[in-house]
Amino acid sequence: MTTSPDHYARLRISPNASDRDIRQAYRELSKQYHPDTTTLPLTAALQEFQKLQEAYAVLSDPDRRRLYDFQREQHRWAAARAATITPPSTRPRRVVSTASDRERSLSAGEIFALFLLSLTVVGCLVLTIGLGLLRGEQLLQAPSWFQATEPIDTVHAIAQPSVEALLPTAAIAIETPSLTTNDDNPAAS
């Protein structure tokens, strides 16, 4: 599909013409350029009629017309931009970009993702605080198997275990040699 000739100009209609206007313009112009009904030479009539058919084929199909309009708009913008472009040596350099250049609105998907993220963070905080409070109450309570009859100083009980706890249950007698004289021992005399 060529975009150099303007299909709207070829059919002599405006770019916002309706389907009915396109059909009507094609019928009128096809009578003028059809090789059987024209006064033009046969080769010129065939060329003009083929161009007319191409323009009608593009503009009568909604998808092809949208694509043609998009390409036409791109060419128009490119031509306008080419006319206003300054050479690189005279173009002022832009050093700092402002916040308005970088700002854009968030899409619905990004907003939903941020909502889920914040919901997850809040849920984790609530769960952590709730478990901490529940676990803290359990830590402060004595276990059911431990029934203390007298208060225990936990710092000294943990830091300095008693000697009885370290010794085995059977008592081991350690004999020490006695330093006695023979006078004290009647069996020795």
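This is a predicted model: local features need pLDDT of at least 70, side-chain atom pairs count only at pLDDT 80 or more; totals for chains, interfaces and linings use all residues.
Residues are numbered from 1 along each chain as its sequence is written, and side-chain values use heavy atoms, with hydrogens and water left out.

**The whole chain**

- The protein chain has 8 helices and 0 strands; both kinds of element are DSSP runs numbered from the N terminus, with helices being H or I of at least four residues and strands being E of at least two.
- Read from the N terminus, the order of elements is α-α-α-α-α-α-α-α.
- Of the 189 residues in the protein chain, 11% count as buried, where buried means under 20% relative accessible area, exposed means over 50%, and partly exposed is in between (1.4 Å probe, protein chains only).
- Take the contacts in the protein chain with a separation of 6 or more: 50% of them are between residues 24 or more positions apart. Contact here means heavy atoms within 4.5 Å.

**Around Thr38 and Ala45**

- Thr38 sits in the loop between helix H2 (19-33) and H3, and with a relative accessible area of 16% it is buried.
- Not counting residues up to four places away in sequence, Thr38 touches Gln32, Tyr33 and Ala45.
- Ala45 belongs to helix H3, and its relative accessible area of 0% makes Ala45 buried.
- Leaving aside neighbours within four places in sequence, the contacts of Ala45 are Tyr33, Pro35, Thr38 and Leu40.
- Ala45 and Gln32 are 13 residues apart in sequence, and their C-alpha atoms are 8.7 Å apart in space.

**How H2 meets H3**

- H2 and H3 pack at an angle of about 170°, and their axes are 10 Å apart. Those axes are lines fitted to C-alpha atoms, for helices over the stretch in contact, and the angles run from 0 to 180 degrees between N-to-C directions.
- That makes H2 roughly antiparallel to H3: angles over 145 degrees count as roughly antiparallel, under 35 as roughly parallel, 65 to 115 as roughly perpendicular and the rest as oblique.
- H2 brings Ile22, Arg23, Tyr26, Leu29, Ser30 and Tyr33 to this contact, and H3 brings Ala45, Glu48, Phe49, Leu52, Gln53, Tyr56 and Leu59.
- Sorted by class, the contact of H2 with H3 has 9 nonpolar, 2 polar and 2 charged residues. Here Ala, Val, Leu, Ile, Met, Phe, Trp, Tyr, Cys and Pro count as nonpolar, Asp, Glu, Lys and Arg as charged, and the others, Gly among them, as polar.
- Ser30 in helix H2 counts as buried at 14% relative accessibility, and its contacts, not counting residues up to four places away in sequence, are Thr37, Phe49 and Leu52.

**How H3 meets H4**

- The axes of helix H3 (residues 42-60) and helix H4 (residues 62-84) come within 5 Å and cross at roughly 100°, so H3 and H4 are roughly perpendicular to each other.
- On the H3 side we find Ala57, Val58, Leu59 and Ser60, which meet Pro62, Arg64, Arg65 and Tyr68 in H4.
- By class, this contact of H3 with H4 has 5 nonpolar, 1 polar and 2 charged residues.

- Tyr8 is in helix H1 and, at 1% relative accessibility, counts as buried.
- Not counting residues up to four places away in sequence, Tyr8 touches Ile13, Ser14, Pro15, Leu59, Arg65, Tyr68, Asp69 and Arg72.
- The side chain of Tyr8 makes polar contacts with two of these side chains: Arg65 at 3.1 Å and Asp69 at 2.6 Å.
- Tyr8 and Leu59 are 51 residues apart along the chain, with their C-alpha atoms separated by 8.2 Å.
- Arg12 is in the loop between helix H1 (7-11) and H2, and with a relative accessible area of 56% Arg12 is exposed.
- Arg12 isn't a glycine, but has a positive phi of about 60°.

**A stretch from the record**

- UniProt, in an unreviewed entry, places the feature "transmembrane region" at residues 111-134. UniProt positions are given in the numbering used here, feature names are shortened, and annotations may be inferred rather than shown by experiment.
- In the model, residues 111-134 are 100% helix and 0% strand, with the end C-alpha atoms 34 Å apart.

Terms used: A polar contact is a pair of N or O atoms within 3.5 Å; within protein, one must be able to donate a hydrogen and the other to accept it, and residues adjacent in sequence count only if both atoms are side-chain atoms.
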